[in-house]
Amino acid sequence: MAGGQDLFDAIVMADDRFHGQGYQEGYEEGSSLGIIEGRQHGTLHGAKIGSEVGCYQGFAFAWRGLLRSHATGKDRVIAMLKIVTLRVTGFFCHQLEISLKR
């Protein structure tokens with residue numbers, strides 16, 4: 001009867017064994033796919049943010065150039081555009097430092 005009992009235990013325990021094995025394989029595959037999907041998501045949204053910040057930078061550079069050539073009483077506006085330009089440039093430098101640390 002001991003042999004029959006062992007066979008029965010193997011059949012009953014197969015469900016637990018296969019469940020554990022499937023969970024482990026699924027976890028490993030999900031982790032690797034999650035990393036890939038995370039990189040794609042980060043690249044997409046990073047590009048959107050970079051495009052937006054670049055638009056602000058171009059706007060500030062263009063208006064500073066235009067206002068300098070016709071600078072009559074527009075010193076305050078030029079100063080504000082200079083601050084925008086410095087902040088945008090600082091944003092890119094800060095992000096570069098973060099990416100180089102990784």
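1. Helices here are DSSP runs of H or I, at least four residues long, numbered from the N terminus. On that basis, Phe 59 and Trp 63 sit four residues apart in helix 1, so about one helical turn separates them. The model is a predicted one.

2. Overall make-up: the protein has two helices and zero strands. Helix 1 covers residues 2-69. Of the 102 residues, 10% count as buried.

3. Aromatic pairs come next. The structure has two. In one, the ring centres of Tyr 23 and Tyr 27 are 6.3 Å apart and the planes meet at 25°, so this pair is stacked. Tyr 23 and Tyr 27 are four residues apart in helix 1, about one helical turn. Tyr 23 is exposed, at 55% relative accessibility. Tyr 27 is exposed too, at 51%.

4. Phe 59 and Trp 63 make a tilted pair, 6.4 Å centre to centre with 55° between the planes. Phe 59 is partly exposed, at 47% relative accessible area. Trp 63 is also partly exposed, at 40%.

5. Arg 64 deserves a look. This helix 1 residue has a relative accessible area of 12%, so it counts as buried, the cut-off being under 20%. Leaving aside residues up to four places away in sequence, Arg 64 touches Ile 78, Leu 81, Lys 82 and Thr 85.

6. Two further side-chain features. The charged end of Arg 17 sits over the Phe 18 ring, 4.8 Å from its centre.

Notes
Residues are numbered from 1 along each chain as its sequence is written. This is a predicted model: local features need pLDDT of at least 70, side-chain atom pairs count only at pLDDT 80 or more; totals for chains, interfaces and linings use all residues. Side-chain values use heavy atoms; hydrogens and water are left out. Buried means under 20% relative accessible area, exposed over 50%, partly exposed in between (1.4 Å probe, protein chains only). Contact means heavy atoms within 4.5 Å. Rings of Phe, Tyr and Trp (its six-membered ring) pair if their centres lie within 6.5 Å; planes under 30 degrees apart count as stacked, over 60 as edge-to-face and the rest as tilted. A charge sits over a ring if NZ of Lys or CZ of Arg is within 6 Å of the ring centre and within 35 degrees of the ring normal.
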